[in-house]
Amino acid sequence: MGTIKLNRVKVYAYHGCLIEEGQIGSDYLVDLKIKADLTKPAVTDNLSDTVDYVHLNKIIKEEMAQRSKLLEQVCERILNRSLSEILEITKAKVTVRKINPPIGGDVASVGVTMTKKR
């Protein structure tokens, strides 16, 4: 078993419950960690034998582009697509953080982390 991670994928998106969040948008950081059997690609050195992180990045960007009120829904979509499109994944964990959230204080970010297993 092995782990592939995408760390701090920066995306500009329009999530949130406030009308202004849907109009103005803000920066988000996404971390995605997947578990898969990486034994074969370690031997063959072939991209087709592993989980392509370019594919994972595409899933993140496409799901972040769909507006949601809650980060929980965004996380769920990223997890569901990752598991349904990439059969080698046995477990996935995603964190979505909103940078400088509009919550009336000096808060660097807020975030949600969710995990799913096959």
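Me: Which residue in strand 4 is the bridge partner of lysine 91?

Reply: In this predicted model, lysine 91 is bridged to lysine 117 of strand 4. Lysine 91 itself belongs to strand 3, where it stands opposite lysine 35.

Me: What makes strand 3 and strand 4 a pair?

Reply: Two strands pair if there are at least two bridges between them. Strand 3 and strand 4 are joined by nine bridges and run antiparallel, so they pass that test. Strand 2 and strand 3 also pair in the antiparallel sense, over nine bridges.

Me: Why is isoleucine 59 called buried?

Reply: Buried means under 20% relative accessible area. Isoleucine 59 has 0% relative accessibility, so it counts as buried. This residue lies in helix 3.

Me: Which residues is isoleucine 59 in contact with, leaving aside its neighbours within four places in sequence?

Reply: They are Ile78, Arg81, Ser82, Glu85 and Ile86. Take glutamate 85: it sits 26 residues from isoleucine 59 in sequence, yet their C-alpha atoms are 9.3 Å apart in space. A contact needs heavy atoms within 4.5 Å, whereas the 9.3 Å runs from C-alpha to C-alpha.

Me: Why does the span of helix 4 agree with what it should be?

Reply: Helix 4 has 15 residues, 71–85, and at 1.5 Å a residue it should span 21 Å. Its end C-alpha atoms are 21 Å apart, so the two values agree.

Me: What do the buried residues of helix 4 pack against?

Reply: Their packing partners are strand 2 (26–36), helix 3 (53–64), strand 3 (89–99) and strand 4 (109–117). Among the buried residues of helix 4 are Leu71, Val74, Ile78 and Arg81.

Me: Which residues touch the most other members of the largest nonpolar core?

Reply: Among its 27 residues, those are Ile34, Leu56, Ile60, Met64, Ile78 and Val96. Helix 4 provides the largest share of this core, six residues.

Me: What makes the link between the side chains of aspartate 31 and arginine 97 a polar contact?

Reply: The cut-off is a pair of N or O atoms within 3.5 Å, one able to donate a hydrogen and the other to accept it. These side chains are joined at 2.8 Å, and the link counts as a polar contact. Aspartate 31, found in strand 2, also reaches the backbone nitrogen of arginine 8 with its side chain, at 2.6 Å.

Terms used
Residues numbered from 1 in each chain as written. Predicted model: local features only at pLDDT ≥ 70, side-chain atom pairs only at ≥ 80, totals over all residues. Heavy atoms only, no water. Helix = DSSP H or I, 4+ residues; strand = E, 2+ residues; numbered from the N terminus. Expected span 1.5 Å × (residues − 1). Buried < 20%, exposed > 50% of the residue type's maximum accessible area, 1.4 Å probe, protein only. Core = buried A, V, L, I, M, F, W, Y, C linked by side-chain atoms within 4.5 Å.
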